[in-house]
Each structure stands twice: as C-alpha cells, then as structure tokens.
Amino acid sequence: MEIKVADRVNAIGSYAFADVENIVTQLNKEGVEPIDFGVGDPALPTPEVIRNACKESIEKRKSSGYPSYTGEIEFRETAAWWSKNRFGIDLDPEIEIMSTIGSKEAIFNFPETFINPGEYTLALNPGYPAWSRGAHFAEGKVCFLNLLPENNFLPDLKSVPAEVLRSAKLLWVNYPNNPTTAFPTRDFYEEVLDFGEKHNIIILSDESYTENYYDEPPISILQLKKEGVVAFQSLSKRSNMTCYRIGWIAGDRRIIAAYKKVKTNIDSGTVTFIQDAAIAALKDDKHVRELREDYRKKRDIMINAFSKIGLPNCEPKGTIYLWQRVPERYTSLDFAKKLLEKEIAVVTTPGSWLSHEAHGVNPGEGFIRLALVPPIEKVMEAADKIKRLNI
Ligand SMILES: Cc1ncc(COP(=O)(O)O)c(C=O)c1O
C-alpha cells in the first residue's frame, strides 16, 4: 500500500531545530559533546515549589476525570490576579481567560477559528514557526513582515500590500521578540492597534517572553486595549515549565468564545494537576527573579566573548536569547558551522534558518541566535573557546 500524506504536510520543510539536532547527533557519534545554545529549552530544573505542587495535586485529584476545556476556575482566577498584579489589567476569569496546553497549541490552532481558505495571516519574519504553519494548515495565506535592524526589528505595517489587506484577518506580534530580542513600546502597540482597527484585523500578541527581562519589565498589549486583541501567555520560559505544557490566552471575550468552539473539538484541556503546578508557579516570584539573574550572568559572559573577537554588542533587554551579528565575511550558516567545529563545538541557530525569504531578502541572514539555556559552567566554557576563535 502506498502511503500518501496530504499536500499541506508535504509542503512543510524540515523543522529548523530538527536540523540542529542532526548536527549534534553527528558530533556525539564522534565523541564530542557540544554545548547547546540551539533550542530555547532551559536546562535548569523546574523550581521545587512547582514540582511539589504538582506531586501534591496528583494525590488531591485522585479521581478528577477530564479537565475543563477552558481551565479550572482557580487557574483562571490566578491568571487574572497575576495579570492585574503584573500589568494592571482587569480580566474577567470566566470569559476573558482560557488555559492552553502551552502557547504552541493555541498559536497553531487559532487560525482554524478565523481563517477561510485563501485569507491572509500577517506574521513576523524571522519568527516562531507555528504562527505561519497554523495559518497554512487552515489553508490560509501568509504575508511575512520582515524584522530588520534598521527598523529596530519592528514590522513596517505601511508596507503591507493593499490586496493582502483586503483579506487579512490576523496579525501576529511578539515582543519581547524571539529571536531578535526587540522590546515592545507603547507607540508601537498603538500603531498596531490602529492598524487592526482600520483594517478589521485581529491582533494576536505572543507574550511568551514578557517575564524574561533584565531591567525594565515590558508592557502587555492588553494594557492598551482588549477589544479585537488576544495575548498568549506561557509558563514555559518564565518558570522553566516547557515540559508541563501550560499557558493561557486573554483578551476579547468574543474571540476567546469562538476559539473555545474549535478547542473543544481538538483537545481535552490542560491536565488538572499541571494547572495546580501553574497556580503555584504564578504565586511565586522568587524563582523568576533567580532565573533572571542566572540569564543575566550568562548574557554578560557571552556578550563579552563575542566582543573579544570583534563582533558588535547585541546586549538584549529581555528574552532568553542573543541575536548576534556574524562577522562580515561569513553567512549566518557558515558562522554557525564555524562554531560547531570540533574544538569549539558550540551549537547556535543560523538566523537564516529562523526566517523565510520574503520581499527579496532573508531577514535572519547575517545573524545567529543563541538560547542562553545551558548551565552557567557550560556557558563559561563556551565563552572561553569562542574567545580563542580566529575569524
Ligand atoms: C515566540 C514563542 N511563542 C511560543 C512558543 C511556544 O511556547 P510554549 O508552547 O512552550 O508555551 C515559543 C517557544 O519557544 C516561542 O519562542
């Protein structure tokens, strides 16, 4: 029997991180254990306070049945309390908040709710793959908005062609930004909200990294407006909970109600004892401050190493990444490969792998991304090797 997968699956290129994994596997076979700054998956443990809450909850909820599709009310109330505390936003936990199985679930599935075949989603480029993949799977079209250094890595909304605007339904924004590390400003969000209002486009704000900052806490778009807007929050990077799969969406109640209709047909909600772990995580700020300090040390060590070999300072104000310019005579892939040579063995992601060729350029070209996730001793080891690099 011939197995024929759908065209939409065949259209998927290889996942950038799968390519990174293949290189790492090859080095492992050669007896080298590379230091991995590739995938944004923290190597440090999930804090004890969260693990304990999860263990206790498994016992407490011995016979809890299927979870609620939208999240237990205690979880939604905690998310509302946290949002008020952190951003000063008032959210009704009954209708303006819904749990997700990590933000990826909602990001990928969201276009199913709003996109008819052929309609446009606007997505940042470079960016998180699920923003555009979800749109493709909903049989929509994607218009990529390039993030370039000369625009401070903000999209140029005025450049979106009129024929795209005619059938555009969704715009993804993501600040603090993966991978460029750019920060949100009020002016930028105001421009985005005016754009959404003018063209009747729903604004989807991926706020997975609002808690990963070094000095000044970034704002949420919901501080400016809820109507026509949904923000996607995640505990993955705030609390080292990538494995737990939990986040939430918040914003316009009509959008959330529409998504609920789709979600109830796709999954069965977030596991209840994971929601209890998330409640404990949200109530505890100490571990978040400690993690921030750890990222700060790693950021400074790596920035110093790159400056020692003459590369420009890319000091980020937030996220868990560095978006480092590569030396002039290298492409981003060549430089990532240089860092992967046996004597250095540092895994980074070429910027060109995180972006699509759009409007005649690949905006990730000329950069590599480093996820500051290895333990600090490994970061120091990597920095020492990079400082000896001859470029
Ligand atoms: C910008 C962005 N959005 C969403 C996600 C998905 O995070 P999660 O599904 O773990 O909440 C990631 C993960 O790296 C990300 O970088």
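Which residue in strand 8 is the bridge partner of I97? Keep that in mind while you look at these close-ups of a predicted model, where local features need pLDDT of at least 70, side-chain atom pairs count only at pLDDT 80 or more, and totals for chains, interfaces and linings use all residues. Residues are numbered from 1 along each chain as its sequence is written.

**View 1. Seven strands line up in an open sheet with the order 2-8-7-6-5-3-4.** The pairing here is mixed; two strands pair if DSSP finds at least two bridges between them. Strands are DSSP runs of E with at least two residues, helices are runs of H or I with at least four, and both are numbered from the N terminus. Strand 2 (97-100) and strand 4 sit at the edges, each pairing on one side only. Strand 2 and strand 8 (residues 247-251) run antiparallel and share four bridges. And there's your partner for I97: A250. Helix 4 (residues 73-87) packs on this sheet and touches strand 2 and strand 8, its direction making about 110° with that of strand 2. Such angles run from 0 to 180 degrees between N-to-C directions, with axes fitted as lines to C-alpha atoms, for helices over the stretch in contact.

**View 2. Helix 6 (residues 129-137) has buried residues: A130, W131, S132, G134 and A135.** Buried means that 20 or more other C-beta atoms lie within 10 Å of a residue's own, exposed means 12 or fewer, and partly exposed is in between, with C-beta atoms placed from the backbone. These residues pack against helix 5 (103-114), strand 3 (120-125), strand 4 (141-146) and strand 5 (168-173). Just after helix 6, look for E139, which takes a positive phi of about 65°.

**View 3. Helix 11 (residues 286-308) and helix 13 (residues 376-387) pack with their axes 8 Å apart.** The angle is about 10°, so helix 11 is roughly parallel to helix 13 (the cut-offs: under 35 degrees roughly parallel, over 145 roughly antiparallel, 65 to 115 roughly perpendicular, the rest oblique). Among the residues that meet are I301 and F306 in helix 11 and V379 and M380 in helix 13.

**View 4. L311 lies in the loop between helix 11 and strand 9.** Buried or partly exposed? L311 counts as partly exposed because it has 19 C-beta neighbours inside 10 Å. Leaving aside neighbours within four places in sequence, L311 is in contact (C-beta atoms, placed from the backbone, within 7 Å) with F306, Q324, R325 and P327.

Conventions. Contact = placed C-beta atoms within 7 Å.
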